[in-house]
Amino acid sequence: MRPRPSPSRDRHGVSPLQGRVAVVSGAARGIGASTACALSRRGARVALLGLEEERLRQRAADLPGPATAWPVDVTDGQALMRTAEAVRSTCGRPSVVVANAGVAIGGTLLDCDPEDWRRVVEINLVGSALTARCFLPDLLSNHGYYLQVASLAALAPTPFLTAYCASKAGAEAFAHALRAEVAYHGVDVGIAYLGWADTTLIRHADQTAVFKELRTHLPGPASVSQDPDAYADAMVRGIERRSAHVYAPSWVRAAQAARPLTPTLLVHFFRHVLSSREERPLPPTGVLGPGGAAATAALAGSERQPHLRPGGQPWPYDTT
């Protein structure tokens with residue numbers, strides 16, 4: 001029989017994460033780094049996974065509790081399997097895995113470099129599945145918890161973010177399917193639906209024409225960036241409760257309720273917005289932020305060809 005979920009605190013105020021091993025991917029920056037810190041404050045021993053080795057090690061050294069850094073590309077299945085074995089033998093079997101690693105590009109489907117588009121899907125979706133697969137033996141052995149970081153974009157897909165929306169919706173569907181596979185083993189799977197976060201990636205994105213156009217027209221709270229620490233705290237509360245869903249900010253829950261209507265509303269809204277632009281160009285962004293640069297560099301030995309606009313002319317990435 002499946003064990004009952006642990007309460008968020010016992011009667012002595014101790015987190016159920018105390019003394020547990022937790023793995024966080026994409027932990028060098030942003031929400032991943034904040035989540036690693038929040039887990040460490042709850043008493044977990046944290047294994048930080050990511051591509052930026054020096055920054056990752058510094059993050060691990062700065063945590064309040066024991067932590068280790070493991071440089072790895074989550075799309076490299078063999079390297080990730082070796083990392084999982086190393087974490088297991090060094091730290092113990094993880095009880096918690098947070099699949100947070102993610103990148104983004106902005107631009108229309110026609111204009112984005114196909115290799116950049118593919119890389120976003122590989123990291124956000126394939127990388128999440130590989131992370132789950134490599135650490136699943138540990139979660140099965142100790143009735144653990146897997147948290148898939150999705151996005152508001154999985155609930156309300158928007159133009160100029162086709163790769164990101166597709167990958168996050170795919171990651172959401174993957175997590176739902178995985179939950180059904182492993183529930184009878186006593187493993188719980190959660191999905192975190194997060195809004196915009198004030199991270200290096202988003203600050204870099206906001207300097208591009210594509211994201212200026214997108215964010216200018218998003219309604220109300222959907223355009224506001226939140227402190228990543230607030231998202232991390234919400235996710236760690238969800239981990240302690242073994243929640244099936246985590247919504248942050250809290251209004252994102254309403255987007256889940258409105259999901260059947262959202263695609264039609266977005267089509268009508270952006271049809272008006274985009275028709276008023278009179279075909280002014282929105283150059284694609286390339287893979288965004290320092291994490292995106294690291295993800296692109298990780299494609300060792302690949303020879304990327306310049307993406308060509310119709311007519312054979314290259315379109316350089318927007319760096320405004």
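This is a predicted model: local features need pLDDT of at least 70, side-chain atom pairs count only at pLDDT 80 or more; totals for chains, interfaces and linings use all residues.
## Contacts around Phe135

Contact here means heavy atoms within 4.5 Å. Setting aside neighbours within four places in sequence, Phe135 is in contact with Val23, Leu49, Ala84, Val87, Pro94 and Val97.

Phe135 also belongs to the largest nonpolar core, a group of 43 residues in which Leu49, Phe135 and Tyr146 touch the most other members. Helix α4, spanning residues 114-141, supplies the largest share of this core, with 8 residues. In soluble globular proteins, nonpolar side chains tend to be buried together.

## The sheet

Now for the strands. An open sheet is built from 7 strands with parallel pairing, in the order β3-β2-β1-β4-β5-β6-β7. Its edges are β3 (67-71) and β7 (245-248), each of which pairs on one side only. From one strand to the next, the twist averages 15°.

At the β3 end, strand β2 (residues 45-50) runs parallel to β3 and is joined to it by 5 bridges. Within this pairing, Ala47 has Thr68 of β3 as its bridge partner. Two helices pack on the sheet. Helix α3 (residues 77-91) touches β1 (21-25), β2 and β3, and its direction makes about 160° with that of β3. Helix α4 touches β1, β2, β4 (96-99) and β5 (145-149), with its direction at about 175° to that of β5.

Strand β6 (residues 188-194) is well worth a look: 7 of its 7 residues are buried. Asp188, Gly190, Ala192 and Leu194 point one way from the strand, while Val189, Ile191 and Tyr193 point the other way.

On one pairing, β5 and β6 run parallel and are joined by 5 bridges, with Gln148 opposite Ile191 of β6. On another, 4 bridges join β6 to β7, again in parallel, and here Tyr193 stands opposite Tyr247 of β7.

## Where α1 meets α9

Helix α1 (residues 30-41) packs with helix α9 (residues 228-241) at an angle of about 50°, their axes lying 8 Å apart. That angle is why α1 counts as oblique to α9. The crossing of α1 past α9 is right-handed.

Which residues in α1 and α9 meet? From α1 come Gly30, Ile31, Ser34, Thr35, Ala38, Leu39 and Arg41. They meet Pro228, Asp229, Tyr231, Ala232, Asp233, Met235, Val236 and Ile239 of α9.

## Backbone details to inspect

Most residues other than glycine have a negative phi, and most peptide bonds are trans. His143, in the loop between α4 and β5, has a positive phi of about 55° although it is not a glycine. Phe160, in the loop between α5 (152-155) and α6 (162-182), also has a positive phi, near 75°.

Are these two residues buried or exposed, or in between? His143 is partly exposed, with a relative accessible area of 37%, whereas Phe160 is buried at 7%. Lastly, the peptide bond from Ala248 to Pro249 is cis, with omega near -5°. Pro249 lies in the loop between β7 and α10 (252-257).

Terms used:
Residues are numbered from 1 along each chain as its sequence is written. Side-chain values use heavy atoms; hydrogens and water are left out. A nonpolar core is a set of buried Ala, Val, Leu, Ile, Met, Phe, Trp, Tyr and Cys residues joined through side-chain atoms within 4.5 Å. Buried means under 20% relative accessible area, exposed over 50%, partly exposed in between (1.4 Å probe, protein chains only). Two strands pair if DSSP finds at least two bridges between them. Axes are lines fitted to C-alpha atoms, for helices over the stretch in contact, and angles run from 0 to 180 degrees between N-to-C directions. Angles under 35 degrees count as roughly parallel, over 145 as roughly antiparallel, 65 to 115 as roughly perpendicular and the rest as oblique. A crossing is left-handed if the near helix is turned anticlockwise from the far one by less than a right angle, and right-handed if clockwise.
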